[in-house]
Amino acid sequence: GKRSWPLRLLLPPAQIGKAFVRFPDLGQQHPQMASLVRQTLGRSDLKDSDVRIAVWVAQLVTPEARGLGVDAKLLSKIMDVAHARGYTFLLFVVDDRSPELHGMLRAHYESQGCVAIPEEN
């Protein structure tokens, strides 16, 4: 028989999810950022010039698109764009006012291959 597709799969991408990312001037990065990356990743071999950080500020995935892998696609696309612009790392800013949400987001991003920055930072 004829197969019908759920409406949520037919929405234009802009209506399914968005990511808000800052691409700071690479020449004005704070010098301690490279040190933080070296410490967090245990990579003393990284030079300051190897560490160029874009900042993931927020994302929105519409309720009807949640659970469809949109967040992983957003992350992949943003990583591609950041790399194309010369950034080598992506810093996620996670709101920690809700311990439950913070824990969920941390677990989610770690499952995507991200490494958490030590809490004292």
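**Entry 1: rings.** I began with the aromatic side chains and found W56, F92 and Y109 linked into a cluster by ring pairs. I counted rings of Phe, Tyr and Trp (its six-membered ring) as a pair if their centres lie within 6.5 Å, calling planes under 30 degrees apart stacked, over 60 edge-to-face and the rest tilted. By this rule I have 3 aromatic pairs.

Before going further, I noted that this is a predicted model, where local features need pLDDT of at least 70, side-chain atom pairs count only at pLDDT 80 or more, and totals for chains, interfaces and linings use all residues. Residues are numbered from 1 along each chain as its sequence is written, and side-chain values use heavy atoms, with hydrogens and water left out.

**Entry 2: F23 and Y87.** I looked up this pair and found it tilted, at 5.4 Å centre to centre and 50 degrees between the planes. F23 sits in the loop between β1 (17–22) and α2 (31–41), and Y87 in the loop between α3 and β3, so the pair ties together parts that are 64 residues apart in sequence. My helices (H or I, at least four residues) and strands (E, at least two) are DSSP runs, numbered from the N terminus. F23 is partly exposed because its relative accessible area is 25%, while Y87, at 7%, is buried.

**Entry 3: F92 and Y109.** This pair is tilted too, with 4.2 Å centre to centre and 35 degrees between the planes. It links distant parts of the chain, for F92 is in strand β3 and Y109 in helix α4 (residues 99–111), 17 residues apart. I found both F92 and Y109 buried. What else does F92 touch? Setting aside residues up to four places away in sequence, I listed W56, L75, Y109 and C114; contact means heavy atoms within 4.5 Å.

**Entry 4: cores.** I then looked for nonpolar cores, meaning sets of buried Ala, Val, Leu, Ile, Met, Phe, Trp, Tyr and Cys residues joined through side-chain atoms within 4.5 Å. The largest has 15 residues, and V21, A54, W56, V70, L90 and F92 have the most contacts inside it. Two or more residues come from each of β2, α3 (70–84) and β3 (89–92), and α3 gives the most, with 5 residues. A second, separate core has 5 residues, including A34, V37, L46 and I53.

**Entry 5: T62.** I found T62 in the loop between β2 and α3. It counts as buried because its relative accessibility is 14%. Beyond its neighbours within four places in sequence, T62 is in contact with Q15 and I16.

**Entry 6: the whole protein.** I counted 4 helices and 3 strands, which follow the pattern α-β-α-β-α-β-α along the sequence. Of the 121 residues, 21% count as buried. Among contacts with a separation of 6 or more, 72% join residues 24 or more positions apart.

Definitions and conventions
Buried means under 20% relative accessible area, exposed over 50%, partly exposed in between (1.4 Å probe, protein chains only).
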